[in-house]
Amino acid sequence: MKHISLYFIGICTALLFTSCGKDIKISKQTEKEISIFPDYKNVTIPYNIAPLDFSVNGNAKYQLIISDNHRSFQVEETNGFFDIPISKWKDLLQQNKDKSILLTICELQGKEWIAYKPFQIDITKESIDPYIAYRLIPPGYELWNEMGIYQRDLSSFDQSCIYKNTLSDKNCVNCHSFCMQNPKQMMFHSRAKHAGTLVIENGKIEKLNTKTDQTISPLVYPSWHPSGKYIAFSVNTTKQSFHNFNRNRIEVFDQASDVVVYDVEKHQISSSPLLKSQKAFETFPTFSPDGKSLYFCSAQAVDSMPQKYDKVKYNLCRIDFHPQNMTFGNHVDTIFNAAALSKSASFPRISPDGKYLIFTLHSYGNFSIWHKDADLYAVNLCNKKTYALTAANSKDTESYHSWSSNSHWLVFSSRRVDGLYTRPFFTYIDKKGKAHKPFMLPQKNPRKYYRELMVSYNIPEFIKGKVDVNKHKLAETLKKSEGINVSYK
Amino acid sequence: MIICLFYKKNNIFVVKSVFMKIARNYLDFLIGIAFLCLLEYFLQTKLAYLFFYREQEQLFLWNSDIILNQLKHIGGFSTLVGQFFVQFFVVPKLGAIITTIVLGLTSLLLWLTIKKSPHADFAFPLSFLPATFQVILLADVNYHYDGVIALLMVSLFLFIYKQFESSKSISQILWGSGLTMILFFLTGPAAILFCLCLFCLDFINIWEKGIILFIACFLGYISVLTTSMNDFRFAFLPDAYYESLLTPDKIYLISWFSLPVSLLISHLSGYTQKWKKFIKISMEIILIFFLFYNTIDGFAAHQDEKFYQLIKLEYLEANEQWDEIIQTAEESSHNYLYCNYQNLALAHKGELMKHLFDYSQNGPLSLVVENNKSKEVTQLLSQIYFTIGNIAAAQNMAFESNAGAIGKDNPEMMKLLIQTNLILGAYPVAEKYIHLLEQSWKYRQWAGEQRKFLYNDHAIESDSLLGMKRRDLPQKADFIYLDGFIADTEQTIQVNPKERCAMEYVEAYLLLSKDMRGIKYIVEKYGGTPALTSLPSIMQEAVISYAEKDPDYCTKHGVTEETFERYRDYKQKYIECRNFGRNPADALHAEYGNSYWYYLMFKQ
């Protein structure tokens, strides 16, 4: 009922309150819908997001009317998309927190403007963190050329570079991670040339050599302890194999993996036999917001890889963690037994308010970005119920995800646009833990932009502010510093 | 009469002077034209395939956003103009013609600047010196074409500077600094070279020129601190126009300084006004000879002949010139990569099994090299895998090779990615790549023609190439590369026996590996089936090799009487050689060198 009223009011507003200039008047209203790209119909957005420019999938002349209960403004389609004025958009969103706006697309047919069925966009009262960071890299396999870690201001279309590999002889940089979305406390790995891990804290840069005799590899997938004093990592022996004819082009798998925790101050790593078992592949650690639990994924170890690639099923597990002395509990709890359902879980991430754990579920294995069936699931940590984030999922891959600092927004990687190039999507998680229809990262002229973008967005992470680190200093540290050798406790 | 004689004598003198001046001007013009013609000929003869290679290492897109974005970066203009020209190198001879024009303009502008120095006539050949060094540098694919454009821009800016030069100190600083800043933004470190050249133009206003140079150095310093420039050498040296991961040879620095040196010598020619004409002309001739020697010798020292042959084969393969590939590979010193191209060409002609041992072969690597993950090898492997119907491997190799392209995309690999994605039914991705190629000059038509296959399984299945390759897709899920080349290719044979190249490659691989068990397996399993309706003669020879004592088996599996006869003859001649102490490898080569028996017995 609310929906119909809003729709009626919106149409009236659109018809009656037209501003001057190139505004049009609707001659006829239809119930037909028209397809747009990106699909922003009925999405839920924060009030501080950049304009959701979009294109109509059609060849006619179009006009867009954006309205709320009191006002409206029109946008003429130019260069194949609606370039929504940023100041009008921001005002409209500010005025409509916790409300909805209506978007009406009109098409010129002869001399008449025909309006398609409007759609609404819900605006939440909860803001979104102002930035996300991600790596831009072609969706390749082994070879690479240029890549970099970038950050994007979500209230505008500005993207800037945090670090680019051209500064360090085109090496590989990856696995950027922030402590509680803090832009001043972050880390990332550098591989191949100038290998090491950089930890950056309030401008101070440390290079670490993280391979020890007691671990099977340098440190890999990170997760910061909320205190900032520890980082949990996996250590992995990772390989990849190529399918001969499969929607999932490749399979990336571990032949061995463990979980360790790194003490940032003492430069020491430690683990537990429960996290380093030869009979299990432990990976994807993540701390709980209170820092007293360490969640991770664990699968029964399988030999004969990759032949038995589809037999590897990871469960979601938890172990106590004692931050005062960096020790672990003496038993592991299984939070979600994916194997029992003949499934596999990866990338557990807990909301900062500690209520929900989101993970990716798929048929087997752990490197879910290459699994078309990978979807986002949630565990309510209060009642332990597990459910799919249905509204957020698609027929294609949904994979890596991270929480905003207020626990209401999730950014995740999806390949739904073309099946190969990963794009970031945002979904609102309401108080009941339900996901709302997601929206793709806004761009000016998004159809052109995403169509011509030949790189994927990798590891999208929310940050509470802009990362302001001197990239040349980072490069200098990588290239010239010997690095601190991490020891095993 | 004396007055008339004097007047007449003076007129003759004037006429003679005018005549000499005209002759001098036309001589320069003629020398210039001769230089350009020689240059074009040299470039076309020696660098033709390098031009094609450069074109394949980039994809210039007629896309205003991309172009504007490129122009925002320091040196973006020279990169953009370089890429713009390089896109036309795909047309035969255009690479040499365009480069000749660019280098010709560079030399002309330099000469027009040099001319302003008094008595600089004899230094005319020096205006060609920087251009000749560019010819040497262009032999190295790691030298980007931006460098050629940057040098042209320096010559242009020197000419402009000289045209409007002011003697006033402030004006000179402003004028020179303005040009320097613009040039720095357009070309990067070439602006430093410009400033160095100012010192060599003349020896006046040294302090002012020092200030201009300081401004250029300051710009270079700031650019390193504020952009993604890796090192100061990219802001100050010609390294900016070279592959960033490599350190260029000292010839690059020499070429860099050849421009100011030319100017300096020209300026110093002012001190030669008392030299005799004879000495000046001799100097000029020496300079011309030096240019020729320097170019030819320098070029020979820097050209990688093996690599040149390889990229020639890449070009011939892309243009399906199979006969030329076979001839070129045969003429060159043998290496696995050449053999791979040769065998690929034979396969395309349907002659792999007929003529395999007519050419030098050296094990299975002659057929399919190991993947060393280099751009050239992955490109070659992508074509081989596509030919034999291993579409997943072809796509994988094409993607990897494309990732390694210097200018971000390789058009031939993009085409293969479009084809493989169409075959695999990944239509949105195929459309993305089609859209990309449609923005290029050369490939837009081909890309547009692929649109009819999007979301149209019927069109793909009806197409002779795409349809055949789609039928090659395996039905049994498995991993490629895991169990070896034979296992992977056999999957194609099983699912599509009509994929002739798959079977021929399997046969050839087994023969070259001397894998008799594998040959036996293939013969017994596929002999007489649509995949192997009749046994090629070299396969028959292989069958005899492992089943000599069972002629019924041989006959049953397709060995003809003619082959038996030939084997008996071979065997007898071999025994005769042994008995008479002759080297059988030498003695039998002429008649049996192209047989499998010969390969089996004598090839290590």
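**The interface between chain A and chain B**

Across the interface of chain A and chain B, three salt bridges are found in this model, which is a predicted one. One of the salt bridges joins B:Asp65 to A:Lys448, with the closest N and O atoms lying 2.7 Å apart.

On the side of chain A that touches chain B, at least two residues each come from strand E19 (230-243), helix H3 (446-452) and helix H4 (471-480). Helix H3 of chain A makes the greatest contribution to this side, with four residues. When the residues of this side are grouped by class, 16 are nonpolar, nine are polar and 13 are charged.

The size of an interface is often expressed as the accessible area that is lost when the parts come together. For chain A and chain B, the area buried between them is about 3500 Å², of which 54% lies on carbon and sulfur atoms. Of the area that chain A buries against chain B, 22% is supplied by A:Leu143, A:Asn244 and A:Arg451, a share exceeding that of any other three residues. In terms of contacts, 38 residues of chain A meet 44 residues of chain B.

Notes: Residues numbered from 1 in each chain as written. Chains lettered and ligands numbered in written order. Predicted model: local features only at pLDDT ≥ 70, side-chain atom pairs only at ≥ 80, totals over all residues. Heavy atoms only, no water. Contact = heavy atoms within 4.5 Å. Buried area = accessible area lost by both parts, 1.4 Å probe. Salt bridge = Lys/Arg side-chain N within 4 Å of Asp/Glu carboxyl O. Nonpolar A, V, L, I, M, F, W, Y, C, P; charged D, E, K, R; others polar.
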